[in-house]
Amino acid sequence: MFDGETRRRTAPQWDPVRLGVRPALGPDGTTDLPLTEYLLRPHDETLRQRLARTAATNDAVFVLLVGRSASGKTRAVYEAVAAVLPDWPVVRPADADELIAADIGPRTVLWLDETQRYLNGASGERAARVLGRLLDEVAPLAVVGTMWPEHLRRLTESRRDGEDESPYVRALLAGRHAMVTVPDTLSGDAPAVAAAAARDPRLAAAVRAAGPGHRVLQHLTGGPELVRRWEMGPDQWFTAPEHAVLTAAVEARRLGHASAVPAGLLREAAVGFMASTARATAGEEWFPAAIGALTTAGRGPAPLIAERHEPGVGVPDSYRPDDYLEQHIRRVRAHRAPPAEFWTGASWARTPDDLYSFGRAAEQRRRYGCAAALYENAVQKGHRRARAAWAVLRETTDGRVAAEETAATDPVAWAALAMSRERGGDRPAAYDAYRQAARAGDAWAWSAMARIHEEDGDQAAADDVAALAGAAGQPLAWRTLGRMRADHGPAAAKAFEQAVSLGDGWGHVGLAQVAERAGDLHEAVEHATRAADTGVTAAWARLVRLHWSLGDHASAVAAATGGADAGNPEGWSLLARLRHGIGDLSGTAAAHREAAALGVGAAWRELALLAESDGDAIGAEEAAAQAVRTGDPEAWTALAEDRAERGDDTGAAHAAAEAARAGDVEAWITLARGRERAGDAESAELAADLAADRGSPTGWAALSRMRERAGDRDGSRRAVLRADALGASDAWTALGRVREELGDTAAAERAYVRGCEAGDTEAYAALGALYLEQGRSAEACAAYRSAVDAGIPDAWEGLLTALAVQAPRATSAQTVDRLRTTGLPAQG
């Protein structure tokens, strides 16, 4: 934990290297301090404004810088905190557990470099809850973090099976944080870069090495040189054991290990990345020799960083690869599954969360045997959800009896089995599993059982299940039946009444809905009032609408006030929409102001658009600026879009610039599209460049697709090449889909191939589907196999289909059925 001195240390008092800032390389290739001169870029203004506003308004803010490795994210945060909050203590937890246990007070900077390290797995969920509470309860407070785009996608993407294992993490990252995108180039101010290079030979060397690509920061810290050495292959710069250990470390991180990789895992996994001759000649001390060489900085940074995770002081026990090198190896190996030795070595994973992540990765790549062993190991180590994943997998590989034995008495596992069976169309088996889940204590399972009976038309059986649930103190089943019977008022009312009899305030909301549908608004008001009195805050907004429908506008205002007092300002936003519907613009603005005062950021956006529609551009911009002060930059984006639609190009550009300054680059991308549609290609490219300066190449990717549809193949190619150079690895794949839609399959194939080369794993699946449609089954198998090895969920069925029609040697149906059950062998 933090000692007293550490807790009081401000940013200027911290060693920036300890906070994660990477020093530049000196002339001899070793790391060199002091830090190079800091060159301000557009995102720095956004970051510093957010921090300054936090101090000025006594509020809490979470600022997350998102960008690729070696783009200067951590240095930007360090410089901003040192400049804007120089007297605030900077607290840097070591991991999620330390974050959870930390006592964070006001006027503190909570430093979360590589934020994904704090948000992985079960401990990450707890940490996200703690962060959410801190942001609500402690002020002023600045939580600052950094993250790669791929980590952000992984932590915020929706599970395809509908399960949400990390709701607090997703809510935190999709909520009120101020995301700032960081470009990985210094292309914005070439004279300033040249002047700084003239003052610092380290920067001058990096500028020369970067050339026209402007990726100066990467060369400044030696990342490209490490990549070049790794790309040379084994027994070149790195010995075969060194190359294998380094590759194994990146593979472990790529496939789910959240922290530095334990030595035992590296030792066992690295064997799979060595050729047979290297394994025979490596010698008994191959592993310590490789570790020693990789953790020693020679001419350039050390490719492997040693850490100790066991308690106490002692020798290192874990290692993590250099960030820039890790990102490169991740990209070039994204379509490849690791060798069998990796999955065996994965049992050395540090935490149950890491084991579970490895199990998920193995299952996604259809290495079912490996996944089962890892899930079992995670269960033995106490992981909360691993048994559920293991049970569902065993139903595929070993049948129903084995799956149910695995589920045992775990309600989560039984519920997972039930959902899996229902998705597969086996409703009777799903019902049995829901029943077991309910018996094991899963309250939601009762509702699912009642729903299945209702869908089957057996209302009596549904009522019996709901009654049993009620006897167990669970009213949700009755409420579910009430919603399902909405078209049959009396039956719905009886179900909701049963929920109310069990003390469920939401049952009154259901009764209000029934009454409203029947046209009895007064009874609906009575039930909604009772729901609000029981603490259902959502009922206040319903009361606003009901009173308005009755013509009692004063009571509607009172309901909006009551909801705000209860902590739910939605009623004021609803009241604004209702007033707008009758043309009461002054009343609309007043209601939006009430909502804005209660913290509804979208209300300022609506006020901005309202003023704009009234011809009050100054008032619109004042409202947009106020929205930014509350952490919502989208008001400027909305103004930019509105002005662009009305042909006010100058006003739209001004609003887009303000949106970007506030952290939202979407406005420039929207303007790029609009200008391209208007035939102003030069202005469209300028807008796309401005978005790229803020870290988003999406504008160029959009231009490539638009030009392709317009028949401008040369313009499309220039745009996609620009997008690719800026890091949009999916730009080629998206362009390929457009070409396929237009019927040019040869050009689509070329684009998909380029997408594969750029590291976009979705391109392999798209290529597989194209080959399969053309009857090129062998090529389809190869492309789909790469997509499966990359973990693309939909690619598995494509691979099985391609195998079934493969020519000239047709794969038997029995072989395909066997693969469907067993998955692929462990060997990559």
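1. A nonpolar core, as the term is used here, is a set of buried Ala, Val, Leu, Ile, Met, Phe, Trp, Tyr and Cys residues joined through side-chain atoms within 4.5 Å. With that in hand, and remembering that this is a predicted model, let us start inside. The largest nonpolar core has 80 residues, and V245, L266, L304, F342, W343, F358 and W796 touch the most other members. Helix α12, residues 240-254, is the main contributor to this core, giving eight residues. A separate second core holds 75 residues, L521, A541, L575 and V665 among them.

2. Setting aside neighbours within four places in sequence, L304 is in contact with V245, L246, A249, I291, L294, T295, Y319, R320 and P321. V245 is, like L304, one of the core residues that touch the most other members.

3. Three strands make an open sheet in the order β8-β10-β9, with antiparallel pairing. β8 (261-262) and β9 (304-307) are the edge strands; each has a single partner strand, so one side of each is left without a neighbour in the sheet. Strand β10, residues 318-321, runs antiparallel to β8 and is joined to β8 by two bridges. In one of these strands, β10, Y319 is the bridge partner of V261. Helix α12 packs on the sheet and touches β8, β9 and β10, with a direction at about 85° to that of β10.

4. Elsewhere, a charged side chain meets a ring: R9 lies over the face of W14, at 4.5 Å from the ring centre.

5. What surrounds T733? This residue is found in helix α42, residues 731-741. T733 counts as buried, because its relative accessibility of 1% is under 20%. Beyond neighbours within four places in sequence, T733 is in contact with A751, Y752, G755, D760, E762 and A763.

6. Some backbone details are worth checking by eye. The peptide bond from A139 to P140 is cis, with omega near -5°, and P140 is found in the loop between α5 (121-137) and β6 (141-147).

7. Two alanines have positive phi values. For A70, phi is near 60°; A70 is found in the loop between β3 (60-66) and α3 (73-84). For A408, phi is near 55°; A408 is found in the loop between α21 (400-407) and α22 (411-423). A70 counts as buried at 17% relative accessibility, whereas A408 is partly exposed, with a relative accessible area of 40%.

Technical notes
Residues numbered from 1 in each chain as written. Predicted model: local features only at pLDDT ≥ 70, side-chain atom pairs only at ≥ 80, totals over all residues. Heavy atoms only, no water. Buried < 20%, exposed > 50% of the residue type's maximum accessible area, 1.4 Å probe, protein only. Helix = DSSP H or I, 4+ residues; strand = E, 2+ residues; numbered from the N terminus. Contact = heavy atoms within 4.5 Å. Lys NZ or Arg CZ within 6 Å of the ring centre and 35° of its normal. Pairing = 2+ DSSP bridges. Axes fitted to C-alpha atoms, helices over the stretch in contact; angles between N-to-C directions.
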